[in-house]
Amino acid sequence: METTSTPTHCPYCALQCGMNVSPTPSGGVEVLERPDFPVNRGALCGKGRTAPVLLSSAVRLTSPLVRSGGELVPASWEEALDRITAGLSAARTAYGPDACGVFGGGGLTNEKAYALGKFARVVLGTSQIDYNGRFCMSSAAAAGTKAFGLDRGLPFPLEDIPKTGCVILVGSNLAETMPPSLRFFSELRAGGGTLIVVDPRRTRTAEQADLHLAPRPGTDLALALGLLHLVVAEGRTDEEYIRERTTGWEEARASAMAHWPEHVERITGVSVPELREAVRLFCEPEASMVLTARGPEQQSKGTDTVGAWINLCLATGRVGRPLSGYGCLTGQGNGQGGREHGQKADQLPGYRKLTDPAARRHVAEVWGVAPDSLPGPGRSAYELLDALGTDIRALLLMGSNPVVSAPHAAHVEERLRSLDFLAVADVVLSETAALADVVLPVTQWAEETGTTTNLEGRVLLRRQAVSPPDGVRSDLEVLHGLAARLGVEKGFPTDPEEVFGELRRASAGGLADYSGITYRRLAEENGVFWPCPEAEGAAGVGPVDAGPADAGETAGGSGEPAVHPGTPRLFLDRFPTEDGRARFAAVAHRGLAEEPDEEYPLLLTTGRVVSQYQSGAQTRRVPELNTAAPGPFVELHPRLAARLGAAEGDPVAVVSRRGRAVAPARITTGIRPDTVFMPFHWPGEGRANTLTNPALDPTSRMPEFKACAVRVEAVRA
């Protein structure tokens with residue numbers, strides 16, 4: 001029997017690795033290499049390779065569930081949708097439209113994220129919509145927007161990394177979180193470049209570094225300022241670049257000069273010789289990069305911290321030059337696209353601001369509604385979850401599991417339980433779905449077609465490779481059915497390509513302009529980088545034009561506008577700010593929202609392991625992955641373990657002001673003695689986010705996942 005394979009993309013991280021999905025003779029599905037996709041060149045991690053396990057009807061949801069007598073029981077789609085309609089309508093009638101909340105996810109396709117934002121604002125009329133991506137990249141997004149006028153995770157393709165001279169990788173353990181990307185950094189070093197890793201733990205990624213800086217958690221801002229101080233003191237600034245392409249340097253310089261090396265050493269624990277060596281390695285090559293991830297971003301000062309790292313790049317003339325610059329390693333599968341097209345609390349499609357009258361007029365025209373009918377900005381993710389059961393009485397949640405992934409998770413779970421009505425659309429019965437009044441089984445990656453946007457800003461086409469099980473519908477069908485029941489019978493198509501066509505129109509002229517991108521182009525070109533307006537020279541590309549090297553041509557000499565090629569590299573000519581210049585951030589170090597004290601003398605930091613993903617709702621259902629990473633643990637230094645009398649594998653309790661988590665000890669010299677680490681993929685007794693601090697960054701509204709004060713106790717039998 002001849003079999004055919006379908007080229008598509010992995011359902012997990014923001015690399016969106018290319019893969020081929022093929023039926024097997026036994027009737028199953030397997031993943032095969034797809035070497036033609038440049039991001040992973042055929043390589044896959046264990047999560048991507050085992051993704052077909054989740055397509056099994058024995059693993060995923062296949063029927064709607066409704067709560068009856070305290071239990072979730074199977075029901076028809078008609079009954080399930082009717083119940084959701086009744087629950088949302090009751091809250092809206094009794095308390096007003098903002099009593100209805102909507103919570104999305106960074107794994108939703110662009111089409112789903114777009115339709116969900118439209119549903120909230122047009123059908124429900126609510127301002128209360130946000131998504132779990134707020135917990136991932138929001139600080140880097142806020143800092144990038146402040147500095148450059150635009151947020152795109154990487155302003156250059158991954159293929160540029162091996163060609164630069166030095167990379168400072170801040171708070172990323174990509175060897176475990178996105179393993180196929182490690183080859184770009186290995187190639188960098190093989191070609192004579194250097195890798196500096198900033199992480200309080202000696203991770204698998206740090207083991208690959210030429211220089212590992214291990215600051216105390218929460219001091220990345222002081223570290224960046226100290227490096228900039230040395231850049232100035234050693235005469236390594238690019239004065240011509242600063243003068244011609246930036247603004248705000250004098251204030252930023254003055255702030256950096258207040259962070260002299262010895263002072264920074266006392267704050268961070270990074271020695272002065274290490275600081276000087278980092279500056280030398282970064283500044284001596286003609287080109288270099290800084291890449292940040294969740295480490296510096298998931299802090300109550302995350303926006304300022306990323307701003308300080310951007311300052312380092314601007315002061316040395318790195319941004320908007322070939323093979324150089326600042327970038328954010330976006331985490332979730334569609335974390336980039338998910339924050340561009342309307343499921344954020346303050347945003348409309350195309351990365352437009354909800355408070356901008358022109359943006360409201362443009363999108364309202366596409367949607368066929370009056371601009372004044374669109375609600376204003378609502379609460380950010382944690383603030384929305386915190387308001388459940390009080391201001392927000394009914395919630396529609398898609399593709400997220402905040403019972404495990406949110407900070408202060410026990411409180412969030414309590415808020416979810418207090419709702420008058422909760423509906424969840426998901427692939428599996430997650431811990432959050434288990435609390436719902438209605439659960440809808442929806443299609444997943446290989447069962448549907450749609451687009452995602454990876455960490456490079458490369459828009460990709462995920463193709464349907466298999467049919468979903470009977471009883472499963474797409475999120476687009478869910479929104480269509482609910483909209484019709486709530487009185488909006490048009491405007492919510494179920495065909496993803498039709499939705500994408502509307503998204504293109506809504507994004508046209510915006511910063512994230514997709515209007516020149518089509519499904520056909522995505523299939524033929526292996527993805528297209530935004531911004532990509534409908535025709536070369538159209539509004540929306542000018543401020544971030546890639547320059548002559550990436551310019552398009554007229555078609556056949558006819559004088560007709562050519563198809564825009566997309567924009568792999570941003571800022572080569574100017575920045576999309578009013579004056580075309582990048583902006584320095586005048587920032588100063590400040591402490592954590594919660595510093596250690598006598599009662600809680602240690603710091604907890606959290607993260608991921610290679611064989612699990614995010615809240616683990618999917619990966620914990622894959623036997624091979626569970627065998628490799630069967631449960632939570634507490635990583636602690638031998639000196640701390642000795643004080644506790646704890647041996648490897650002994651249960652220890654980590655206690656914060658918000659709760660207590662228990663997990664086996666993992667003893668290693670690869671962590672600072674004043675710090676403990678827990679992965680956050682598991683619910684129950686070992687739930688790391690029971691402990692984490694919901695203190696918010698004032699700009700990005702990012703919670704402080706990465707550092708909180710704790711104590712550790714031995715658990716006696």
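Mentor: One term to start with: contact means heavy atoms within 4.5 Å. This is a predicted model, where local features need pLDDT of at least 70, side-chain atom pairs count only at pLDDT 80 or more, and totals for chains, interfaces and linings use all residues. Residues are numbered from 1 along each chain as its sequence is written, and side-chain values use heavy atoms, without hydrogens and water.
Trainee: Which strands does helix α3 lie across?
Mentor: Helix α3 (residues 110–124) lies across β19 and β20, at about 95 degrees to β19. Axes are lines fitted to C-alpha atoms, for helices over the stretch in contact, with angles from 0 to 180 degrees between N-to-C directions. Helices (H or I, at least four residues) and strands (E, at least two) are DSSP runs numbered from the N terminus.
Trainee: And in what order do the strands of that open sheet come?
Mentor: The order is β19-β20-β21, with antiparallel pairing; strands pair if DSSP finds at least two bridges between them.
Trainee: Why is one side of β19 and of β21 left without a neighbour?
Mentor: β19 (450–453) and β21 (528–529) are at the edges with a single partner strand each, so one side of each has no neighbour in the sheet.
Trainee: How many bridges join β20 to β21?
Mentor: 2 bridges do, and one pairs R458 with F529 in β21.
Trainee: New topic: at what angle do α14 and α19 pack?
Mentor: About 155 degrees, with the axes of α14 (residues 357–367) and α19 (residues 496–507) 9 Å apart. The two are therefore roughly antiparallel (angles over 145 degrees count as that).
Trainee: Which residues of α14 meet α19?
Mentor: H362, V363, V366 and W367 in α14 meet E502, R505 and A506 in α19.

How values were computed: Angles under 35 degrees count as roughly parallel, over 145 as roughly antiparallel, 65 to 115 as roughly perpendicular and the rest as oblique.
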